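Hello,

Here is the structure I promised to pass on to you. Have a look at it first, and then read my notes below.

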Amino acid sequence: MTEATLSLQVRQIGKAACILDIEGDITAFSEEALMDAYTEGAGVGVKAVILNFTGLEYMNSGGIGLLVTVLVRANRAKQKLLAFGLTEHYQEIFELTRLDEAIGIYATEADALAAAV
Amino acid sequence: MTAIAQTWRKVTGKGQAAEAVAAPAEATVETTTIETPAVEIAPNDPLVAFLQSAGGAVDVEALELESPGVTALREAGVALVVPLISGGELVGTLNLGPRLSDQQYSTDDKRLLDGLAAQAAPALQVAELVQKQAAEARSRERIEQELKVATLIQQNFLPRVLPDLPGWEVAAYYQPAREVGGDFYDLFELPDGQVAVIIGDVTDKGVPAAMVMAAARSLLRASGQRVISPGEVLERVNDLLCPDIPEKMFVTCLYLVVDPSTGYVRYANAGHNLPYARTADGSMELRAKGMPLGLLPGMKYEEHEAMMSPGDGLLLYSDGVTEAHGAEREMFGTPRLVDHVADPTSGDLIDGLLTQLQRFTGNDWEQEDDITLVTLTRTLGSGVQNGLVSGIDVRFTLPSETGNEREAMQRVLDAIAPLGLEERRVERLGTAVSEAAMNAIEHGNQGRAEIPVEVEVVTAGGELIVRIRDVGDGPQATEVESPDIEAKLAGLQKPRGWGLFLIKNMVDEIRVIDADGRHTVELVLQLEGGDGDGSNGA
């Protein structure tokens, strides 16, 4: 069961931002899928990359590690990394790991988009 | 020289009596003032042999023998020595000073004195014998009395009833030797619901050993109520015992703290015989080192852990068992005891062992030392017995393949569904289970699919416990690393280390147990009286 159970869709929102719609699991095995989607969405020089966690089924510490890697890349590219659609549980995990200090957390897509510009 | 010297002193007075007989009646007042000092004659003094064969009163003046005894007699002013012979043995002498009339003792005087000596000697010997026997009887009586006192102290300080532990069978056997040794054992509940189990042995026997045993037992009880850590309890008791314990005495002691709801055992040892557990895989030694109590202050006691699964039994014992001698003078020994523990067909841990011991020592064996046995057996299915609401006891194993942590999580969540826990707590437990299972798969079992990860879900003692067990071969994260996003961004902190941190924050308590070559992580949720929040805060 080492294959990725993640599907990602990349939505470009104008020139300012892109949204990565996550469906499934974020674990250490999601690296390739997530990085490819990131490259696709962020490559066009957006100011912010927004992660849509509405379809997140499961995330573990490996997945959190992966988000840190994404965060490193976004920081280097001087892009904001934002997120929305996290359940209460995963929001708590973001807080515990203090990921929420580096990734802006928003309740809805509209809130996240508003913060992107 | 004792017998003669003592006799001499006793006879001195009689010498004066003899003098009184010989002296005129009007001189009574004066005779009482005359004292012949005690004279000691060494048993190897030639005078002894001489007197023994003299055949009657001997004139000291006329003695042609030179010896320390003769000199002593002369210095003491003894004029006449009358040997007291009984059964051909010199039992004493009558020593007489010079006659008050300044005349020599006459032949009649001597005959009279010889007659008196012949009567006195056997009487004296009989009196001495009676005295000696009386002294022996008194000493025997004192020893018996002491034995009674020692037994009484001992029995008063052993638990009269053993605590009733649901899901456990607790038994103890104590048989003092005729000369009571210093064995003791104790079981008592701790304020947090765990149970302290103690076995010990004081060197020496009788009342002194019993007194030290009583003191040690009280100190152990008092410290046990204040501190849970077995190592710390022994450390305290050792420091308290050291200043007061008589020289050359010490106490061996094994101290265990058992969590009856989980089977988790913590223990430390102060030089006592190591206990053995009977498990499904044979016998297991619970090893721990430490100096006996009361020898040196400031000792540290290493603490170890073990896990008792349902069906496991633990035997604590004193050296009265292993050092019992058989008819051929060989010792029963530890290997025989270990074999008994390892073999479930050899009978009950206590009864079976006693049967073997009896077979080994034979029927006319006089028990050399106290024998103490204490057993703790976790009954099968005990995980359920003391559960609450609807008891849960679900166990399964999964191959160590990455991804199976999700399977573990799902099966645990299915298992706990009947508890109807709050959704948030269920989600948190799910994350904790998957993280712990992932650690077990990837680190503990090194991703070797053929080695299973064992998962147990039980309710016991007001807790929901999820145990995740691996073989513990790989490096285990033991320290919880707090996330530092800056450090992680700078590549200084590996994201990996967050697993344990997450687990810790997702459940009410986490216990990590390394025992029996296996690594177990216990995730605990309080079911009753829990904070209902499940978060330790961050």
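Please keep in mind that this is a predicted model. I began with the largest nonpolar core, which holds 74 residues; Ile50(A), Val433(B), Ala437(B) and Leu523(B) are the ones that touch the most other members. Helix α13 of chain B (residues 423-444) supplies the largest share of this core, with 8 residues.

Beyond its neighbours within four places in sequence, its contacts include Leu429(B), Val433(B), Val466(B), Ile503(B) and Ile510(B).

Next, the sheet. In chain B, 5 strands form an open sheet in the order β14-β15-β16-β18-β17, with antiparallel pairing. The edges are taken by β14 (393-399) and β17 (509-515) of chain B; each has a single partner strand, so one side of each lacks a neighbour in the sheet. From one strand to the next, the twist averages 15°. Within the sheet, the antiparallel strands β15 (residues 452-460) and β16 (residues 463-470) of chain B are joined by 7 bridges, and Val458(B) has Ile465(B) in β16(B) as its bridge partner. Helix α13(B) lies across β15, β16 and β18 (518-526) of chain B, and runs at about 175° to β18(B).

Finally, some totals for chain B. It has 15 helices and 18 strands, and 41% of its 538 residues are buried. Of the contacts in chain B between residues at least 6 apart in sequence, 70% join residues at least 24 apart.

Enjoy exploring it!

Best wishes

How values were computed. Residues numbered from 1 in each chain as written. Chains lettered and ligands numbered in written order. Predicted model: local features only at pLDDT ≥ 70, side-chain atom pairs only at ≥ 80, totals over all residues. Core = buried A, V, L, I, M, F, W, Y, C linked by C-beta atoms within 7 Å. Buried ≥ 20, exposed ≤ 12 C-beta atoms within 10 Å, placed from the backbone. Helix = DSSP H or I, 4+ residues; strand = E, 2+ residues; numbered from the N terminus. Contact = placed C-beta atoms within 7 Å. Pairing = 2+ DSSP bridges. Axes fitted to C-alpha atoms, helices over the stretch in contact; angles between N-to-C directions.
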